[in-house]
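Work through the exercises below with the structure in view. Try each task before reading its solution.

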Amino acid sequence: KYRDKLIEGKVTVIMDNSKCHSSKLSRNFLKKSKFNIIFQPSYTPEVNAAEIIWNIVKKRLSREIFIDM
């Protein structure tokens with residue numbers, strides 16, 4: 001099922017502007033792939049799902065007490 005979607009070009013990848021994502025090698029690979037690529041604007045952590053999730057995790061973990069074993 002996933003492979004069919006990939007072949008039909010129905011997979012969308014949202015990427016930030018990290019150097020590894022915007023390198024010449026990455027861009028060449030993406031041009032040849034069947035992915036729909038969306039690059040996020042620079043400096044927009046508020047629309048980056050990973051940043052939102054990490055902020056939630058950091059807030060929850062900051063309230064925890066960890067003990068070395």
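The exercises that follow concern a predicted model.

**Exercise 1.** Describe the order of helices and strands along the protein chain.

Solution. Begin with the inventory: the protein chain has four helices and two strands. Then read from the N terminus, where the elements run α-β-α-α-β-α.

**Exercise 2.** Find which elements have the lowest and the highest mean pLDDT.

Solution. For the protein chain, the mean pLDDT is 79, and 87% of the residues reach 70 or more. Next, go element by element: helix H1 (residues 2-7) has the lowest mean, 60, while helix H4 (residues 49-62) has the highest, 87.

**Exercise 3.** Locate Ser33 and decide whether it is buried or exposed.

Solution. First, the position: Ser33 sits in the loop between helix H3 (24-32) and strand S2 (36-39). Second, the area: Ser33 has a relative accessible area of 17%. The cut-off for buried is under 20%, so Ser33 counts as buried. Third, the contact: the Ser33 side chain reaches the backbone nitrogen of Phe35 at 3.3 Å. For the whole chain, buried residues make up 13% of the 69 residues.

**Exercise 4.** State how many aromatic pairs the structure holds, and what lies over the face of Phe39.

Solution. The count of aromatic pairs is zero. Over the face of Phe39 lies Arg27, at 4.8 Å from the ring centre.

Conventions:
Residues numbered from 1 in each chain as written. Predicted model: local features only at pLDDT ≥ 70, side-chain atom pairs only at ≥ 80, totals over all residues. Heavy atoms only, no water. Buried < 20%, exposed > 50% of the residue type's maximum accessible area, 1.4 Å probe, protein only. Polar contact = N/O pair within 3.5 Å; in protein donor to acceptor, adjacent residues only side chain to side chain. Phe/Tyr/Trp six-rings, centres within 6.5 Å; stacked < 30°, edge-to-face > 60°. Lys NZ or Arg CZ within 6 Å of the ring centre and 35° of its normal. pLDDT = per-residue confidence, 0-100.
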